Amino acid sequence: MIKKILTHWTFAFITLFALTWIGLQDPQVKEIARLKSFDLLFQSQDKFISNDIAIVTIDEKSIEKHGQWPWNREVLAQTIIKLRSQGAGVIIMPILFSEEDRMGGDGLLATTINGNFVVISQSGSHQTTKNGYPRGVAKIGNPLEFLFEWPGMIGPISIIGDNAAGVGTTNMAPEIDGVVRRMPLLMKIGNDVYPNIVIEAIRVAVGDPSYQVKADASGIIAMRVPGYATINTDSNARIWLTWNKSYPEVSLADLDTNEISLEGKTIIIGVKAEGLGGVVATPIGGQYDYTVLANTLQTVIDGTNIERPSEAFLLELAVAFLIGCVIIILTRFTPYYAVGIMMAFFAIGSIFGSVAFFERSLLIDGSWILVTIIFVGLHSIFNRFILEFKLKQQIRKQFETYLDPRQVAILQKDPSKLKLGGERKEMSFLFMDIVGFTPISEHYKNKDDPEGLVVLINDYLNRMTKIVLDNGGCVDKYMGDCIMAFWNAPIDCPNHAEMAVKTGIECAEETEKLKKIFKEKGLPPINIGSGVNTGTCIVGNMGSDTRFDYSVIGDAVNLAARLEASTRNYKTETGIEPLIYSSYTKDQLKDIKSVELDKIKVKGKDELVTIFKPVN
């Protein structure tokens, strides 16, 4: 019973329901698969060189020129002066000035950054709080409960922080797999809001003193720097970053000889020297932390606003469930190639669908749809294979002793040719029996050799059965030394009458060979009588729920049996007439010549039956 349930075609729905339930729980493995699929989308974007941002790196060459880090801050002051002389726009310094310069350069740096549109860094901390610079925010709704929160904040010393045009955070929010894909634009400590350094740079560029944030019951919706375009965010004030831009880069040591135009560009001064620069995981591989800031700023400047719709999660599950249902039903009722084509169609459709939505700045996950297609599809196909295999085994077990192996193979390949349960069909029937079996039986009885009689009968049945099978017939049953066979079921046989009569002729010829063998062994002569009839009958599985057989019933079958018994009434020089058949059979013969033998009355019929025999 359990095996029957587990292999039923509808059991694949259990797999589908289980996958849908797992999908609703959104386990870690599903989330990671979703994020990796988003990575592929970001990697597919066309690459460009940014015209808005350039990077000045504190690299190994700079360390060789200006000495061990940290430098006297006067070096950074001179760098700002050089950048300003080359027409740079806002200058972003994601460097933490939380301690005084031991070499006394704070005064010059503070003087230099004052009025030069310089934005510096502060960082959320789990260890301490000092020198933080919060920023006023105009709130619509209550966004505070949805912002990322740090226990503390480390900011710049006041002489530098008070002279900087802006102070912003550089904290990132990696996903569950450690990859940075989104950047929080706002964070909080208590009721104080701290902007990201990139947002501070935009605020400085437009000259506005604060921000606007809008939230509802589900989270933050958007934020805006007055005078700049609205930035749509997720519920935690994060934005998805694009990774399709590269940025002109120049070593701080080469600013005097720089050939890259910095005119009007936002400049990010990033630390790249070995052991100093921080590398983070991104969808396009490991990147320096300042590159992540550059991508954040470029995403905002471009107004890309890539979003993950809040309803996408349930819609993806719904689509996966519907596709799973379609696959299960297709697998049950269509050929394998059709199932394969549809699975490929759905898989490719989910991929191209995700790409199409991404081109419209929407992140739609196709990975769970692919998982559903694979697991549900394979389960459905496996169940169908098992069911068909069991059916083929059943067919083979039922017919291997009754049909020619080639016919069994045809049935196994196309079980639809076997209509179980009974159907009305025109067929031809052959009954064949040994005439004069008693003398042969007495011979072995007198010799006290019953085993010899069994060998003889088996030899006879083997010979005759082979002729039946070779001519496309089905052996219905053995009744002692009698054979019952039929044609045109379960395999169609258009010339069934011809093949049944041909079988009777060949069996008679084979009997003549057996007579010679019997004579050589000193056995009594053997004769057979065969009756053939053609007509409509019921063919199918007959029997009880626990034991059944594939057989035929009907008046036409009974007439064939009556004709076989009537062969004893027609003598020949060598014995009895070996084969007679009815006019119903004779009317369908094309290549076999016949002669009328008699008109007889048989039990169960009122009218006379005209019988024939074959002639050369």
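The second largest pocket here has a volume of about 490 Å³. Keep in mind that this is a predicted model. Let's look at that pocket, then at the largest one, and then at the nonpolar cores.

**The second largest pocket**
- Its lining counts 22 residues, and I505, A508, P578, P614 and N616 sit closest to the centre.
- Which helix gives the largest share of this lining? That's α16, with seven residues.
- Sorted by class, you get nine nonpolar, six polar and seven charged residues around the second largest pocket.

**The largest pocket**
- This one holds about 640 Å³ of space.
- There are 24 residues in its lining, and D234, S235, R308, P309 and S310 are the closest to the centre.
- Two or more lining residues come from each of α3, β13 and β15, and α3 gives the most, with four.
- The class count for the largest pocket is eight nonpolar, seven polar and nine charged residues.

**The nonpolar cores**
- The largest nonpolar core has 49 residues, and the members touching the most others are F42, M223, V292 and L363.
- Elements giving two or more residues to this core include α3 (28-43), β13 (219-224), β15 (238-240) and α9 (289-302).
- Zoom in on F42: beyond its neighbours within four places in sequence, F42 is in contact with W240, L241, T242, W243, I306, F358 and L363.
- Another core, of 35 residues, lies apart from the largest one, and L453, I483, L523 and I592 are among its members.

Technical notes. Residues are numbered from 1 along each chain as its sequence is written. This is a predicted model: local features need pLDDT of at least 70, side-chain atom pairs count only at pLDDT 80 or more; totals for chains, interfaces and linings use all residues. Side-chain values use heavy atoms; hydrogens and water are left out. A nonpolar core is a set of buried Ala, Val, Leu, Ile, Met, Phe, Trp, Tyr and Cys residues joined through side-chain atoms within 4.5 Å. Buried means under 20% relative accessible area, exposed over 50%, partly exposed in between (1.4 Å probe, protein chains only). Contact means heavy atoms within 4.5 Å. On a 1 Å grid over the protein atoms alone, a cavity is a set of points where a 1.4 Å probe fits but cannot get out, and a pocket is an open set with protein on both sides within 12 Å along at least five of seven lines; lining residues have an atom within 4 Å of a point. Grid points are joined across faces, edges and corners, and a volume is the space filled by probe spheres set on the points. Ala, Val, Leu, Ile, Met, Phe, Trp, Tyr, Cys and Pro count as nonpolar, Asp, Glu, Lys and Arg as charged, and the others, Gly among them, as polar.
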